[in-house]
Amino acid sequence: MQKKIRVMVIDDSAVFRSFLIQSINADPRFEVIGYAVNAFDARNKIPLLKPDTVTLDIEMPGMSGLDFLKEFLPTHPVPVILVSSLNMKVFDALAVGAVDFVRKPDVDNHILKEAFTATLLTKLVIASNSRVRLPSASLSASPAATYTRPQPAPVRPLSVPRSSASVNEKIIAIGASTGGTEAILDVMRQFPAHMPGIVITQHMPPGFTGMYAERLNRLCKMEVREAKNGDKVQPGLALLAPGGLQMRLVRMGAGYAVQCLPGEKVSGHKPSVDALFDSVASLVRDKAIGVLLTGMGADGAAGLLRMRKNGAYTVGQDKESCVVYGMPMEAYKIGAVCTQASLLSIPQIVMSKL
């Protein structure tokens with residue numbers, strides 16, 4: 001008989017805490033071994049109960065979930081899944097070591113609650129097998145590390161259009177899932193402002209992708225935006241696939257644009273890394289560079305193989321630096337990866353191929 005995954009629930013709401021406990025215990029893979037009503041309670045109970053993974057509310061009275069993680073994870077690196085409303089603090093919590101997050105549902109909407117539960121249980125399984133990634137001092141995403149552009153221009157004048165990437169220029173495609181929010185940041189913040197156009201798919205629900213793009217834009221030298229249908233791919237610009245839509249590359253005149261449309265899931269995801277990589281493989285061919293980072297499952301592996309077969313240079317993150325060595329492992333196993341490298345090495349490898 002397979003050993004059950006031991007889960008601890010941390011939430012100050014008695015109603016939502018009860019819902020979480022019942023939902024998790026209803027699945028035979030899990031056992032809720034305890035709960036905490038706030039961060040102080042959790043701090044005392046986790047060392048005693050030794051859960052395999054924890055669910056954590058971000059907004060709690062007394063000590064926030066974010067402050068709890070900053071204080072507790074360095075000495076007790078337990079895998080944490082955040083359960084949060086639409087809140088920018090989620091990304092701060094991921095930066096200090098949380099594994100992943102699920103958006104808190106409307107407790108009166110049964111359809112949303114069922115979808116939430118299915119997503120949460122999947123992520124708890126992933127978390128129980130993941131590696132807690134604590135931030136290094138050199139790559140801390142604290143406000144002090146915010147990149148200040150020499151001449152900030154939040155709104156560019158419409159009368160000064162930027163040149164779009166031509167079909168003869170490089171395009172970099174990046175994909176990631178669990179652990180990817182910080183992995184993408186670690187790669188992107190090493191790139192100079194004048195990089196070729198970049199397209200990114202990170203598995204993330206609607207609403208959060210806009211906030212994540214803002215975070216990347218604040219911390220990186222390149223401009224980063226959540227993509228809109230028809231956006232041109234341009235040097236110095238990174239476009240992030242919007243949650244709930246499939247983003248693909250399309251030809252636009254002498255250059256490229258992104259198509260962001262509703263549609264079926266691809267490889268189980270929307271946005272899907274395979275959907276993006278397939279389009280890059282067919283259009284950009286040997287002018288493309290593909291990067292597949294940490295994540296559970298196999299999304300992106302087949303697309304990266306198509307990119308490599310069409311002449312692209314491909315990079316996969318290595319096991320030691322992944323939070324979850326799933327997607328890059330699957331890509332490596334099928335021969336999709338030209339070079340497997342640590343997260344620290346990937347930016348330099350990419351720039352050496354430009």
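Helices (H or I, at least four residues) and strands (E, at least two) are DSSP runs, numbered from the N terminus.

Please keep in mind that this is a predicted model: local features need pLDDT of at least 70, side-chain atom pairs count only at pLDDT 80 or more, and totals for chains, interfaces and linings use all residues. Residues are numbered from 1 along each chain as its sequence is written, and side-chain values use heavy atoms, with hydrogens and water left out.

Staying with α2, which of its residues are buried? They are A39, D41, A42 and I46, where buried means under 20% relative accessible area, exposed over 50%, and partly exposed in between, with a 1.4 Å probe and protein chains only. These four sit on the same side of α2, because they cover an arc of only 130 degrees around the axis, taking the directions from the helix axis to the C-beta atoms. On the face turned away from them you'll find the exposed residues N44 and L48. The buried residues pack against β1, β2, β3 and α3, with contact meaning heavy atoms within 4.5 Å. Just after the helix, K50 takes a positive phi of about 50 degrees.

Now to the sheet. Its 5 strands form an open sheet with parallel pairing, in the order β2-β1-β3-β4-β5; two strands pair if DSSP finds at least two bridges between them. β2 and β5 stand at the edges with a single partner strand each, so one side of each has no neighbour in the sheet. Between β4 and β5 there are 4 bridges, and V83 has V102 as its bridge partner.

There is also an antiparallel pair, β10 (residues 246-252) and β11 (residues 255-261), held over 7 bridges. R251 is bridged to Y256 there. The hairpin has 2 residues between the strands, and G253 takes a positive phi near 60 degrees. How much of β11 is buried? The answer is 5 of its 7 residues.

S279 counts as buried because its relative accessibility is 8%. A polar atom of the S279 side chain lies 2.7 Å from the backbone oxygen of L276. Leaving aside neighbours within four places in sequence, S279 is in contact with R248 and L249.

What about the core? A nonpolar core here is a set of buried Ala, Val, Leu, Ile, Met, Phe, Trp, Tyr and Cys residues joined through side-chain atoms within 4.5 Å. The largest has 60 residues, and F68, L69, L82, M188 and L293 touch the most other members. Helix α7, residues 208-219, gives the largest share of this core, with 6 residues. A second, separate core has 31 residues, including A173, V233, V280 and M307.

Last stop: K221, in the loop between α7 and β8. K221 counts as partly exposed because its relative accessibility is 29%, and its side chain reaches the backbone oxygen of R189 at 3.2 Å.

Terms used
A polar contact is a pair of N or O atoms within 3.5 Å; within protein, one must be able to donate a hydrogen and the other to accept it, and residues adjacent in sequence count only if both atoms are side-chain atoms.
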